[in-house]
Amino acid sequence: MDIIDEGKAVVQLLDQRWHEQKVDKVAVLRLDLIHPVISGNKWYKLKHNIQYAIDNGIDRIVTFGGAYSNHLVAAAAAARQYKLKATGLVRGKYAENNLTPTLKECLANGMELHFLSREEYEQKNNPDFFDSLFRELNGSFIIPEGGANDYGIEGVADIAHFIPDDYTHICVAVGTGTTFVGLVNALREEKSVYGFIPMKQGRYLQGDLEKKIMPGHRKWQLLDNWHFGGFGKYDASLLRFMNVFYEQNNIPLDMVYTSKMMYGLQQMILSGMLSPNAKILCIHSGGLQGNNSICDKLVY
Ligand SMILES: *Cc1c(COP(=O)(O)O)cnc(C)c1O
């Protein structure tokens with residue numbers, strides 16, 4: 001069994017050809033290296049949730065996700081490592097012989113799965129519905145979808161400790177925005193933080209996230225130009241980008257989040273939107289297990 005090792009997270013400089021020296025430097029914080037599936041930001045969002053369950057003698061966590069969810073599989077593997085039982089409530093009714101690689105990995109880690117219709121899934125935060133459907137889960141600790149709670153935000157603050165002082169710009173991919181908010185709140189105000197949203201019209205998150213950001217922070221910005229058709233969508237140009245990025249930098253990117261962030265950042269740099277003095281650190285938030293469904297199209 002692979003054990004989480006935060007010591008494996010290194011800051012890796014990108015090849016200068018990648019940014020054509022239009023900025024001072026670009027590096028990637030390799031949180032993808034801490035564990036093959038409890039990777040990247042997911043571990044940080046989970047760690048205080050897991051700790052809470054352990055401290056309170058709760059023996060089961062329950063959480064939610066889609067059939068490709070990095071969070072769901074990370075929760076399954078983390079629960080296993082900490083000897084907690086885990087239940088995953090999955091969006092969509094999948095037949096047992098038609099499971100995604102992600103769901104198979106959840107089962108392999110001992111997670112029990114329940115499949116909800118999309119209508120049922122919509123109601124997941126309604127306690128009455130939840131209790132009636134899953135009476136046997138009473139007394140479990142419920143972690144929201146994506147680990148998006150205060151314990152999640154608290155854990156993300158640990159990521160800030162890996163960021164060397166001299167970096168002026170921090171880039172992070174946004175799903176629920178928990179990682180983005182946690183980082184903005186944990187970092188000193190003079191650093192700019194860019195959140196790259198991989199969904200169409202993702203800027204709807206702006207108002208929600210703004211409420212969670214501590215007053216006084218000004219230098220943060222959400223960008224949603226590089227969604228490639230929407231969440232989870234990709235095209236040949238994104239795949240080509242991922243392969244070239246790997247060949248130049250020896251860093252695998254995932255197709256949902258980090259590839260779109262790096263693509264967007266490169267466009268910003270090459271079009272001269274960033275100062276030549278900028279020192280940019282991108283958070284590799286992991287999620288590489290999601291590439292299983294397109295591995296025949298990737299060189300890694
Ligand atoms: C889940 C995930 C994100 C989004 O994290 P949030 O905290 O929900 O915004 C970003 N990158 C990867 C690789 C992820 O798996």
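This is a predicted model: local features need pLDDT of at least 70, side-chain atom pairs count only at pLDDT 80 or more; totals for chains, interfaces and linings use all residues.
Residues are numbered from 1 along each chain as its sequence is written, and side-chain values use heavy atoms, with hydrogens and water left out.

Me: What makes the protein as compact as a globular protein of its length?
Reply: The secondary structure comes to 11 helices and 10 strands, these being DSSP runs of H or I with at least four residues and of E with at least two, numbered from the N terminus. The radius of gyration, taken over C-alpha atoms, is set against the globule rule of 2.2 Å times the number of residues to the power 0.38; the protein has 19 Å, close to the 19 Å that the rule gives for 300 residues, so it is as compact as a globular protein of that length.

Me: Why is the pair of Y44 and F162 called edge-to-face?
Reply: A search of the whole structure finds 15 aromatic pairs, where rings of Phe, Tyr and Trp (its six-membered ring) pair if their centres lie within 6.5 Å, and planes under 30 degrees apart count as stacked, over 60 as edge-to-face and the rest as tilted. The centres of Y44 and F162 are 6.3 Å apart and their planes stand at 85°, so the pair is edge-to-face. Because Y44 lies in helix α2 (residues 41–55) and F162 in the loop between α7 (150–160) and β7 (169–173), the pair ties together parts that are 118 residues apart in sequence.

Me: Why does Y44 count as buried, and why does F162 count as partly exposed?
Reply: Y44 has 0% relative accessibility and therefore counts as buried. Exposed means over 50%, with partly exposed lying between the two limits, so F162, at 22%, counts as partly exposed.

Me: What makes the pair of F180 and W220 edge-to-face?
Reply: Their rings are 5.9 Å centre to centre with 75° between the planes, which gives an edge-to-face pair. The pair links distant parts of the chain, with F180 in helix α8 (residues 178–186) and W220 in strand β9, 40 residues apart. F180 and W220 are both buried.

Conventions. Buried means under 20% relative accessible area, exposed over 50%, partly exposed in between (1.4 Å probe, protein chains only).
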